[in-house]
Amino acid sequence: MKRVLVTEKLAPAGLERLAEAGLEVDVRLDLTPEELIEAVPGAAAVIVRSATRVTRPVLEAGRDLVVVGRAGIGLDNVDVEAATELGVMVVNAPQSNAVSAAEHAIALMLSLARNIPQADSSLRAGRWERSRWTGVELSEKTVGVIGLGRIGRLVAERLAGFGVELLAYDPYVTAEGAGQLNVELVTLEELMRRSDFVTIHLPRTPETAGLIDARALARARPGLRIVNAARGGIIDETALDVALAEGRIAGAALDVFTEEPPTGSPLLTRDDVVVTPHLGAATVEAQTRAGVTIAEQVVLALSGQFVPLAVNIRAAQVSDELQPYLPLAEKLGLFAAERCPERPVTVVIGAVGNLADYDTRILELAVLKGMLGPFHDAPVTYVNAPQVAQAMGISARVERHSESVSYRNLLEVEACGHRVAGTMIEPLSEPRVVAIDGHQVDVPVASHLVLIRNRDRPGMMGAVGLALGRAGINISHMSLGRAPGDELALMVLVTDEPVPPEVVDALVAVDGITSVERVDLD
């Protein structure tokens, strides 16, 4: 039973999904970094939220790790680069808290506009200070949205109902895309200059860290109010404190901070700042969605299936037609590797028929995953296959051919001067090997195969069957193939067990047999 280490509170529905999949759920909360390193060995998966830091030492200690799951969006606390290098998949739940985060940003904006937390605190303290906490309306104001991704778009859609003018800054969004939301796309400088309110919806990256610095705040429209419910560190908090003290910025509402908790931050003492303790995703609905989503992704990863929400796999979403071909692609890659006398230099992958119409990057990864395993000491996965291939000096390319003579879909792998092709036979979606080095054959993709090149003359099948029968080896499938212009035929056998070397030698000694290859696809 594979063990899943859960280091932070996960929604009960998520834990139930893991248990239903037959996984051992090991919940250990509040682990120190040292305790985490001690707990991770033997775990096939680790599920965290935002508090647990999955560092390189943790990943290196988790020698059996297949996947790290982050029950939420941000991955600041996971060393994705190290995970990729080590072949560990990283998944998150990118849409789980989008609605909650968007609603929280708007709640902060309204609280900031109307001084709701300050007025609440004042009244509870016995003071009736109506004039002191006079606020402003959102109506007819200009709101700048920094980051027009999932959450930024939801915020823009909801703010439209308040009768505001919407601006946005996002270098990855086109003016046409923003226009569909009735949002004007502008530069960051113009957004700061024209906005009455600014709300931030960006991930924290080296490019976005400190984006709203002293210079950006100096260019802001006088009286600007700024909201950050995205990630701490995007706003330079020292510069913000100075701008607030000087009266150039009218107020700020912060759910996130550079350091969390923000102990000793001067912003916490200011009446013109509204703060919450990183509550953007803190709704029952978001936590349930995150828990179930991440559990489902972990189950997929541990069952060897394609994981659509993996962040460190170089492939797009896999279509329903493409997905059944992934196990076949991996087996064909292993088949090609078994026939290579040494490490291949070039791998050519052919996507023929309908397969050519899809994004085939995932097929390339699957072929490399199967092919590189025999030549690499550490596990090769969908995650690290490109890096392993590059380190080995192996280049791969995909060739697309929209027309297939015999099959609706055909997948080909060529390496070391050999070519193998396979397809899925309907209606049972059974993977089959249908061509080897130009010879048309038809056998299942099985664990043990024997390739026999022989002169095409009577009695050869009987001689082979006799040799294997004497050794007590059962033949479950057999196929004969000819290639145009080749005087030798190809006999492909599927056996119930590996053919031992002495039986291979006996077959080679049969008159008319020129070569015998054993291909094991376990």
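Leu5 is buried, with a relative accessibility of 0% (buried means under 20% relative accessible area, exposed over 50% and partly exposed in between, using a 1.4 Å probe and protein chains only). Before we go further, please note that this is a predicted model, where local features need pLDDT of at least 70, side-chain atom pairs count only at pLDDT 80 or more, and totals for chains, interfaces and linings use all residues. Residues are numbered from 1 along each chain as its sequence is written, and side-chain values use heavy atoms, with hydrogens and water left out.

Leu5 sits in strand 1; helices (H or I, at least four residues) and strands (E, at least two) are DSSP runs, numbered from the N terminus. Setting aside neighbours within four places in sequence, Leu5 is in contact (heavy atoms within 4.5 Å) with Asp26, Arg28, Leu36, Ala39, Val40, Ala43, Ala45, Val46 and Ile47. Its C-alpha atom is separated by 40 Å from that of Gly350, 345 residues apart along the chain.

Strand 3 (residues 43-48) has 6 of its 6 residues buried, so it is largely enclosed by the rest of the structure. What are its pairings? Two strands pair if DSSP finds at least two bridges between them. Strand 3 pairs in the parallel sense with strand 1 (residues 3-6) over 4 bridges, with Val4 standing opposite Ala45. Strand 4 (residues 67-70) also pairs with strand 3 in the parallel sense, over 4 bridges, and there Val67 is the bridge partner of Ala45. From strand 3 the chain crosses through helix 3 (residues 56-61) to strand 4, in a right-handed β-α-β crossover (with the strands pointing away from the viewer, the path from the first strand over the helix to the second runs clockwise).

Strand 17 (residues 430-436) is mostly covered, 5 of its 7 residues being buried. Here are its two pairings side by side.

| Partner strand | Sense | Bridges | Example pair |
|---|---|---|---|
| Strand 18 (residues 439-444) | antiparallel | 4 bridges | Val443 and Val433 |

The hairpin of strand 17 and strand 18 has 2 residues between the strands, and Asp437 takes a positive phi there, near 50 degrees.

**Nonpolar cores**

A nonpolar core is a set of buried Ala, Val, Leu, Ile, Met, Phe, Trp, Tyr and Cys residues joined through side-chain atoms within 4.5 Å. Which residues of the largest nonpolar core touch the most other members? Out of its 73 residues, they are Val4, Leu18, Met89, Ile362 and Ile436. Helix 13 (residues 325-338) gives the most to this core, with 9 residues. Apart from this core lies another of 30 residues, among them Met109, Leu166, Phe197 and Val274. In soluble globular proteins, nonpolar side chains tend to be buried together.

In helix 11 (residues 237-245), Glu237, Ala239, Leu240, Asp241, Ala243 and Leu244 are buried. The buried residues of helix 11 pack against helix 10 (214-218), strand 10 (224-228), strand 11 (249-254) and strand 12 (273-275). After helix 11 comes Gly247, with a positive phi near 80 degrees.

Is His104 buried or exposed? His104, in helix 5 (residues 98-114), is buried, with a relative accessible area of 15%. Not counting residues up to four places away in sequence, His104 touches Asp255, Thr276, Leu279 and Gly280.
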